[in-house]
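Please examine the structure shown below.

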Amino acid sequence: MQAEQNTSGSAGDGPSVRRAFLRGVLISSPFLLVIVPFAMLFGVLATEAGMDLLTVMAFTVAVFAGSSQLTALQLMQDNAPAAVILATSLAVNLRMSMYSAALTPWLGRLSLWSRAWVAFLLVDQSYAASVAEYERNPKMSNAERLAYFFGTVVLVAPFWYLATGVGAILGAQIPPELALDFAMPLSFIALTAPMLRTIPHLVAAFTSVTLALTLTWLPWSSGILVAAITAMLAGAFTEMALEKRA
Amino acid sequence: MSYSTAEIWFLIIGLGVGTFLLRFSFLGLIGSRELPVFFQRMLRYTAVAVLPGIVAPLVLWPAAAGGELEPARLIAAVVTGALGWYLRNMLLAIVGGAVTFFLLQAFVFG
């Protein structure tokens with residue numbers, strides 16, 4: 001509760017917090033266009049794999065991370081051992097710990113309870129939209145930052161759950177021409193393209209793509225992890241090199 | 001698929017708890033302590049270092065097309081990126097990319 005007390009001093013806090021929340025809702029609303037088909041895809045495939053509606057919903061609510069849910073499903077269809085399924089799907093989610101680290105300078109002062117909720121609702125979209133906003137407005141109060149973050153997931157989470165259920169119920173009636181699987185790459189491209197404004201950002205993105213495509217032979221899908229960490233280093237070193245030159 | 005109900009629930013709970021711990025890791029443990037400067041510098045590039053790497057194989061070798069390059073997906077991905085970059089508007093980028101994909105699928109590569 002410390003964070004709330006720290007920032008409740010100024011009288012203008014109430015409306016500005018509400019505005020931050022609404023800005024978050026607004027910026028995240030286009031995500032629904034891709035969240036809905038992607039969640040439906042999980043519902044369809046999980047049902048085809050033999051799970052009943054209750055199991056599918058428990059899965060999607062407990063994990064709330066689409067790509068790892070699909071990875072687990074894929075491995076289950078290959079009859080992989082449970083330990084391999086857990087390890088691989090969690091490896092897919094390792095990027096979440098990088099997001100967690102990236103949010104810590106901005107949200108680390110919030111109460112433990114608030115941080116736990118942020119963690120539970122931390123997905124690619126809420127992370128990317130929030131950090132972009134915090135960097136644009138470094139003077140936001142902790143309460144505004146938290147409100148903005150919740151704004152970015154207040155639509156995404158319920159629609160994710162709802163669309164999973166719709167996918168599970170409709171199942172195979174959804175035609176493959178809808179290409180539900182294309183929703184995730186589409187949303188990730190739309191999310192990152194506007195960020196490629198500086199040379200270090202471009203270097204990081206280029207490194208990431210190149211390594212991800214060349215390291216696919218690494219076991220347990222770990223190529224993407226190596227690619228991501230190397231790309232972050234490449235961005236940081238480029239930034240330092242440019243600072244020195246300036 | 002040959003898993004017992006107990007095994008499936010074990011997987012769901014394990015994946016749920018594990019994912020939460022990954023998300024909570026730094027937020028929960030570091031909290032208000034300062035992260036090292038170089039680490040903070042790296043973290044600025046998290047999104048552009050992670051997401052393009054995930055996207056690239058999905059665009060070039062989509063499982064839905066049997067892992068083969070599919071021109072409609074590739075062109076739609078490029079259109080989405082270009083729109084997002086020029087307009088800095090996610091909604092227009094997503095809509096533009098989706099419209100491009102469905103038009104190409106229906107009339108050009110269908």
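Domain bounds come from an automatic or database domain assignment. The model is a predicted one.

Q: How do you know where the two domains of chain A lie, and what separates their centres?
A: The assignment divides chain A into domain 1 (14-179) and domain 2 (196-245). Taken over C-alpha atoms, the centres of these domains are 24 Å apart.

Q: What makes domain 1 and domain 2 of chain A count as being in contact?
A: Contact requires heavy atoms within 4.5 Å. Four residues of domain 1 of chain A are in contact with six residues of domain 2 of chain A. The area buried between the domains is about 410 Å², and carbon and sulfur atoms give 82% of that area. On the side of domain 1, A:Thr88, A:Leu94 and A:Met98 supply 74% of the area that this domain buries against domain 2, more than any other three residues.

Q: How many salt bridges are counted between domain 1 and domain 2 of chain A?
A: A salt bridge needs a side-chain nitrogen of Lys or Arg within 4 Å of a carboxyl oxygen of Asp or Glu. The count between the two domains is zero. The residues of domain 1 that touch domain 2 divide into three nonpolar, one polar and no charged.

Q: Why does the radius of gyration of chain A agree with that of a compact globule?
A: For 246 residues, a compact globule would have a radius of gyration near 18 Å; chain A has 20 Å, which agrees.

Q: How many helices and strands does chain A contain?
A: Chain A has 14 helices and zero strands.

Technical notes
Residues numbered from 1 in each chain as written. Chains lettered and ligands numbered in written order. Predicted model: local features only at pLDDT ≥ 70, side-chain atom pairs only at ≥ 80, totals over all residues. Heavy atoms only, no water. Buried area = accessible area lost by both parts, 1.4 Å probe. Nonpolar A, V, L, I, M, F, W, Y, C, P; charged D, E, K, R; others polar. Helix = DSSP H or I, 4+ residues; strand = E, 2+ residues; numbered from the N terminus. Rg over C-alpha atoms; globule rule 2.2 N^0.38 Å.
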